[in-house]
Amino acid sequence: MNKEYPGLIDFSPGFLLQPVLEKLQVKIGAIKSAISSACCLVIFSLVAGGLFPPTAFAATYTVVTDLLGRSVKVPADPRRVIALAPNITEIIFALKQEHRLKGVTQFSDYPVEARKLPKVGSYVQLDLERIVALKPDLCIAIKDGNPRSVVERLESMGIAVYALDPRNLNSVMETILAIGRLMQAENTARDLVQTMQARVARVQTNVSKAAGRPGVFFQIGISPIVSVGTPTFIHELIEKAGGRNLAAGDTPYPRFSREQVLGLSPDVIIITSMARTDIFERVKEEWSRWPNMPAVQNRKIFITDSNLFDRPSPRLVDALELLAGLIHPDLIRENQSP
């Protein structure tokens with residue numbers, strides 16, 4: 001019977017087989033679905049177990065080794081980055097990748113545009129809830145300062161944290177290159193580092209012509225008087241600028257009495273200042289009352305911006321050029337830029 005006619009009943013052999021075929025199709029569909037689900041489960045298990053790198057399946061993530069030697073799964077093209085220290089903010093701006101920044105720490109004040117970004121606490125007291133609320137796909141941390149507990153909490157919530165540990169000019173340059181790779185800005189990072197290296201080399205060439213290395217006392221604290229030891233950025237800058245750090249030693253930030261400083265007979269005194277300019281001007285006046293001190297006789301007591309010297313960022317080279325100009329003004333040209 002022709003079943004193309006509506007309303008007519010089909011009594012052909014197909015009529016009897018139809019329910020069986022329908023049930024069979026349902027079972028086949030269920031089997032296909034189960035196989036597909038099983039494949040997905042196997043793939044997920046292999047990825048989770050580390051047998052296949054995530055990059056083999058998802059182009060949006062990659063596994064890298066951060067500068068602390070940890071394996072970290074990071075976005076290949078991060079769009080919501082939070083910088084957990086001011087120097088990281090400066091580096092990201094220097095690489096012209098600030099459009100990726102969605103949060104910075106409290107004292108991220110350079111460049112000026114950084115002040116407008118949402119704050120996530122200070123780099124030693126991070127606001128975990130604020131960080132999470134900004135929905136980052138990548139946080140960039142620093143070993144010296146960021147609380148380990150906060151970093152571990154972020155990672156436990158599935159937020160990628162790439163850690164850095166810049167401790168001298170060379171490691172600052174390594175940090176710039178690493179952030180450049182994370183931000184898909186390798187060429188810009190390489191150019192920036194090459195420029196920094198050229199400027200450092202120019203300073204060292206100029207100061208190598210000096211007849212001697214003046215003794216420098218770099219004061220970063222008032223009461224008590226605090227200076228900088230060998231394991232600091234500033235010690236390296238003093239040495240590269242053609243000076244001799246009078247506070248060199250194993251203690252990073254040694255304390256001194258006034259009598260001890262006078263006993264060192266510094267040729268140059270550098271006092272750092274940021275917001276408390278009036279106080280440091282008073283300190284400068286107090287040192288000036290000791291006319292037998294070479295720094296007073298040579299009129300070489302200076303106040304400088306602490307931001308330049310405290311942050312392991314590209315501006316450390318600015319600090320080096322400034323310091324060399326203060327220690328050896330006759331050897332340093334006004335324009336150090338290549």
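Student: What percentage of the 338 residues in the protein do buried residues make up?

Tutor: The model discussed here is predicted. A residue counts as buried when its relative accessible area is under 20%. Among the 338 residues of the protein, the buried share is 42%.

Student: How many helices and strands are there in the protein?

Tutor: Both kinds of element occur in this protein. The numbers are 12 helices and 12 strands.

Student: Which element gives the most to the lining of the largest pocket?

Tutor: The largest pocket holds about 1000 Å³ of space. Of the 33 residues that line it, the closest to its centre are Tyr 123, Tyr 253, Asp 310, Arg 311 and Pro 312. Elements that give two or more residues to this lining are helix H2 (86-94), helix H7 (233-240), strand S11 (268-273) and helix H11 (306-310). With four residues, the element that gives the most is H11.

Student: Why is H7 largely enclosed by the rest of the structure?

Tutor: In H7, the residues Phe 233, Ile 234, His 235, Glu 236, Leu 237 and Ile 238 are buried. Their cover includes helix H5 (169-182), strand S7 (215-219), strand S9 (244-245), H11 and helix H12 (316-327). H7 is therefore largely enclosed, the reason being that its buried residues number six of the eight.

Student: Which residue just after H7 takes a positive phi?

Tutor: The phi in question is about 85°. The residue that takes it, just after H7, is Gly 242.

Technical notes
Residues numbered from 1 in each chain as written. Predicted model: local features only at pLDDT ≥ 70, side-chain atom pairs only at ≥ 80, totals over all residues. Heavy atoms only, no water. Buried < 20%, exposed > 50% of the residue type's maximum accessible area, 1.4 Å probe, protein only. 1 Å grid on protein atoms, 1.4 Å probe; cavity = no way out; pocket = protein on both sides within 12 Å on 5 of 7 lines; lining within 4 Å. Points joined across faces, edges and corners; volume = space filled by probe spheres on them. Contact = heavy atoms within 4.5 Å.
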